[in-house]
Amino acid sequence: MIAVIGLVVGVVAGLALQPTVPAELQPYLPIAVVAALDAIFGGVRAMLDGIFDDRVFLISFLSNVIVAALIVFLGDQLGVGSQLSTAVVVVLGIRIFSNAASIRRHLFKA
Amino acid sequence: MPDDRLPSDDLADQVADDVVDGPADDPVADVHEPDDGPQDARSDEAVDAHLPTVDDAVATPVEPSDETPGDLGDDHVDAGDALVVPAVAPVDDAVRTAPAEDVSEAGRTVGTPEDGADDTLVGPDDDEPAEGTAQPASLAPAPTRTGWRALGHAMAPRATRAQLGAGVLCALLGFAVVVQVRQNDETALAGLRQSELVRILDETTERSDELRREVTELRTERDALDSGSDGQAAALDSLRRSAIMQGILSGRLPAEGPGVQVTLIDPAGDLQPVTMLNLLEELRNAGAEAIQLGDHRITASSSFTGTKGHVLVDGVPLRTPYVWLAIGDPSTLSIALQIPGGAMATVRRAGATGTVSERDLVQVTATRVLLDPRYATPVQDEE
């Protein structure tokens with residue numbers, strides 16, 4: 001519940017503050033968001049599995065975001081930024097799907 | 001029964017299964033060997049459900065182990081933990097749901113007669129089948145409740161560290177999502193790759209150049225219309241200046257200015273036409289703008305002919321002393337003429353004598369009459 005409230009608060013804050021993303025962070029924010037989504041789904045699944053742990057959740061959330069951004073940054077330095085960000089999105093997308101499937105099976109038995 | 005569920009699992013699960021299969025299989029197989037059929041089937045299912053192990057968050061069990069040694073710390077300890085549940089359960093909110101399931105599961109597993117010792121080893125799959133999947137009919141009700149119950153349990157607002165942490169992270173995520181979405185909407189350019197940006201920049205630059213050209217043209221036109229009389233006057237002025245310049249160069253007009261006077265005395269008649277030509281070229285090289293020899297204006301069409309001691313300029317004989325007048329930078333001209341091995345040296349070697357004097361004012365008064373070219377006509381300008 002608090003998580004959902006937090007999500008709403010975050011959205012409202014984003015709408016209210018209307019921040020501008022610094023130019024140097026712009027390529028990384030979308031990737032970081034996808035990585036965070038992956039961590040969230042993983043967290044929900046772990047919760048349903050009954051093995052949720054906030055510390056692991058926090059660490060996996062942050063490390064996902066940082067590693068994803070780092071990969072894209074590295075790709076940009078190597079000149080393959082767009083390809084690597086595609087790769088990251090694909091991998092994270094697969095993970096999100098698999099987590100979503102697990103959650104679905106927990107909740108709907110299907 | 002569970003077996004026929006496996007094929008129906010979606011791709012992701014299958015993949016996860018594959019990954020998990022190796023490590024998970026061995027202990028499970030060993031453990032359940034003595035058990036009856038259903039148990040084996042369940043172990044398959046267990047492996048299937050065990051796929052969460054792939055996930056970060058599911059890796060959890062390893063983490064809490066340092067806090068509570070028995071608490072889901074290790075897969076193998078898991079079952080033991082499940083049995084110890086009453087003691088462990090309060091420890092961590094996040095884990096609380098698990099023990100509940102574990103209890104039932106452990107109970108079931110233990111329930112089988114010969115299982116006592118096995119139980120600890122059954123651990124890895126222990127919590128999985130309970131919530132994960134369709135189990136044998138007897139197990140079904142529990143899992144059905146569990147998934148939603150876990151969700152509802154988690155949704156209940158409690159100010160625990162886990163809930164607050166998740167809340168903060170979710171707030172962060174929501175914030176980032178909104179920011180990114182807005183960013184994407186607002187500045188489409190920021191999302192573009194370098195090549196696209198370069199293309200757009202090119203187009204913009206091209207367009208801008210075009211417009212700038214147009215501005216220039218229109219401004220010129222406006223100026224021309226605006227000051228027609230001024231323009232005419234200016235053109236006339238320019239033409240006049242041009243005419244003067246051409247006149248001096250072609251020898252049509254007298255000229256004056258700083259320069260040098262070169263006097264050659266050749267009593268013995270030793271100078272050849274080529275010597276004079278040398279001197280002329282040296283003067284031109286040094287930047288002389290108007291040159292006069294004797295009372296002849298020397299121009300591009302002047303010629304030196306004749307023989308040694310009998311030099312003709314444009315067909316007219318010269319007489320010693322030969323006096324050159326040249327307008328240009330005096331020191332440059334003077335130095336150019338007197339360099340070793342240069343024009344004056346040649347003159348002296350031929351047996352004549354010569355002097356070069358710099359003057360502040362040299363008057364080139366001789367002129368030439370120019371004939372209109374008979375054969376050559378100007379090339380029409382492209383524009």
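# Exercises on chains A and B

In chain A, 68% of the contacts between residues at least 6 apart in sequence join residues at least 24 apart; a contact means that the C-beta atoms of two residues, placed from the backbone, lie within 7 Å. The model is predicted: local features need pLDDT of at least 70 and side-chain atom pairs count only at pLDDT 80 or more, while totals for chains, interfaces and linings use all residues. Residues are numbered from 1 along each chain as its sequence is written, and chains are lettered from A and ligands numbered from 1 in the order in which they are written.

## Exercise 1: Make-up of the chains

Give the numbers of helices and strands in chain A and in chain B, and the share of buried residues in each.

**Solution.** Step 1: count the DSSP runs, taking helices as H or I of at least four residues and strands as E of at least two, numbered from the N terminus. Chain A has 4 helices and 0 strands, in the order α-α-α-α from the N terminus on. Chain B has 12 helices and 8 strands.

Step 1: apply the burial rule (buried, 20 or more other C-beta atoms within 10 Å of the residue's own; exposed, 12 or fewer; partly exposed, in between; C-beta atoms placed from the backbone). In chain A, 47% of the 110 residues are buried. In chain B, 34% of the 383 residues are buried.

Step 2: turn to sequence separation in chain B. Of its contacts between residues at least 6 apart in sequence, 70% join residues at least 24 apart.

## Exercise 2: Helix 2 of chain A and its packing

How do helix 3 of chain A and helix 4 of chain A run relative to helix 2 of chain A: roughly parallel or roughly antiparallel?

**Solution.** Under 35 degrees is roughly parallel, over 145 roughly antiparallel, 65 to 115 roughly perpendicular, and the rest oblique.

Step 1: take helix 3. Helix 2 of chain A packs on helix 3 (residues 54-78) of chain A at about 155°, with the axes 8 Å apart. Helix 2 of chain A is therefore roughly antiparallel to helix 3 of chain A. Among the contact residues are A:Ala35, A:Ala39 and A:Gly43 of helix 2, and A:Phe61, A:Val65 and A:Ala69 of helix 3. By class, this contact has 11 nonpolar, 4 polar and 1 charged residues (nonpolar: Ala, Val, Leu, Ile, Met, Phe, Trp, Tyr, Cys and Pro; charged: Asp, Glu, Lys and Arg; polar: the others, Gly among them).

Step 2: take helix 4. The axes of helix 2 (residues 29-49) and helix 4 (residues 81-108) of chain A come within 9 Å and cross at roughly 20°. These two helices of chain A are therefore roughly parallel to each other. The contact includes A:Val34, A:Phe41 and A:Leu48 of helix 2, and A:Val89, A:Ile96 and A:Ile103 of helix 4. Its residues divide into 13 nonpolar, 5 polar and 3 charged.

## Exercise 3: A residue of helix 3

**Solution.** Step 1: locate A:Leu58, which is in helix 3 of chain A.

Step 3: compare sequence and space. A:Leu58 and A:Gly43 are 15 residues apart in sequence, and their C-alpha atoms are 9.3 Å apart.

## Exercise 4: The five-stranded sheet

What is the strand order of the open sheet in chain B, and which strands form its edges?

**Solution.** Step 1: pair strands where DSSP finds at least two bridges between them. This gives 5 strands in the order 3-2-7-1-8, with antiparallel pairing.

Step 1: find the edges. Strand 3 (296-298) and strand 8 (353-364) of chain B each pair on one side only. Direction ignored, neighbouring strands are turned by 25° against each other on average.

Step 2: count bridges. In chain B, strand 2 (residues 290-293) pairs with strand 3 over 3 bridges, and B:Ile291 stands opposite B:Ile298. Strand 2 and strand 7 of chain B are joined by 4 bridges, with B:Gln292 opposite B:Leu325. Strand 1 and strand 7 of chain B share 6 bridges, and B:Thr263 has B:Val323 as bridge partner.

Step 3: check burial. In strand 7 (residues 322-327) of chain B, 5 of the 6 residues are buried.

Definitions and conventions
Axes are lines fitted to C-alpha atoms, for helices over the stretch in contact, and angles run from 0 to 180 degrees between N-to-C directions.
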